[in-house]
Every structure is written in structure tokens, then in C-alpha cells.
Amino acid sequence: MTQKFRSSLRTNEIYIPATLSEIYDLLGSMMLHAPTFIDKTGEFPERNIDSEFAILTESFGVVHKKLGEERYLALMDLAARAKALFAADPEDNNGKTDQGYKLLHEIEDIIQSVRRRRVVTKQKDDEGEVTGD
């Protein structure tokens, strides 16, 4: 990543979600800020469509092993397509934002299916518990 931006924790470090549940939470936040992903409060002036999608795709890399190659590639494709749709509809007036939302929901569905599979197969998370992460 070439662009620097801050996390919500106000550190110099970029916060990248490291678990499937954190990615799911990020997607919820993204839906609230679409289509521009700009923080209207001014609290996070560095937040924009590029920074949010960079965080999302970086997080896929962090959980790549849990996702598997096929799901990882599908998620990367969905994210790229969603970003393009949101970028093409910054005023939310031509329908592309709605299409972008649908892709974010597809990403959520994939993340949740992986989480469910991990629970059913009793795969442990990094702390040694069966949580879906």
C-alpha cells in the first residue's frame, strides 16, 4: 500500500482486520459509508474509497489460508468490481451503488460461509477456540 491512513484507534499504524469476524464488521462499516466512503464528520479525513478497499483487500491476504485460493480470488474480484461500481456512482444516482452493495453482500456471504464451515469442522482459531475465525 502506498497511501498512508490512520485507523480508528488513532495510531500511525494502518489497522487491517485479521480475522473473519473483523472483516465482516468492516463490511458493515463500508455499507454505512458507501458510495464515497468519506467520513462526513471530518474525524477521519484520510478515509476514502481507495483507503477502505485497500484495507479490505489487505485483510483478505491476512486470512488467505483460511479462505483458500478459490475463495480468496473470488473475494479479490468482487472487491475490485464493487469499488469500480461505487466509484462510478459517487452521488448514488445511477444505480451502480446498489449494484456495489450487492457485491459487498456477496463478500459477506462468502466470509460467513467460511466461518460456518470452520465451526462445523471444529477448526480452532489463533487462540485455540472454535469460533469461526
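## Core and salt bridges

K83 sits at 29% relative accessible area, making it partly exposed (buried is under 20%, exposed over 50%, partly exposed in between; 1.4 Å probe, protein chains only). This is a predicted model, so local features need pLDDT of at least 70 and side-chain atom pairs count only at 80 or more, while totals for chains, interfaces and linings use all residues. Residues are numbered from 1 along each chain as its sequence is written, and side-chain values use heavy atoms, leaving out hydrogens and water.

**Confidence**
- The chain averages a pLDDT of 91 (the predictor's per-residue confidence, 0 to 100), and 91% of residues score at least 70.
- Residues 1–9 fall below 50.

**Salt bridges**
- There are four salt bridges (a Lys or Arg side-chain nitrogen within 4 Å of an Asp or Glu carboxyl oxygen).
- K83 pairs with D50, with the closest N and O atoms 2.9 Å apart.
- That pair ties helix 4 to helix 2 across 33 residues (helices are DSSP runs of H or I, at least four residues, numbered from the N terminus).
- D133 pairs with R115 at 3.7 Å; D133 is buried at 11%, and R115 is buried too, at 19%.

**Nonpolar core**
- The largest core has 29 residues (buried Ala, Val, Leu, Ile, Met, Phe, Trp, Tyr and Cys joined through side-chain atoms within 4.5 Å).
- Helix 4 gives the largest share, seven residues.
- L104 is among the core residues with the most contacts inside it; beyond neighbours within four places in sequence, L104 touches L27, M30, M31, F53, A82 and F86 (contact: heavy atoms within 4.5 Å).

Methods. Helices (H or I, at least four residues) and strands (E, at least two) are DSSP runs, numbered from the N terminus.
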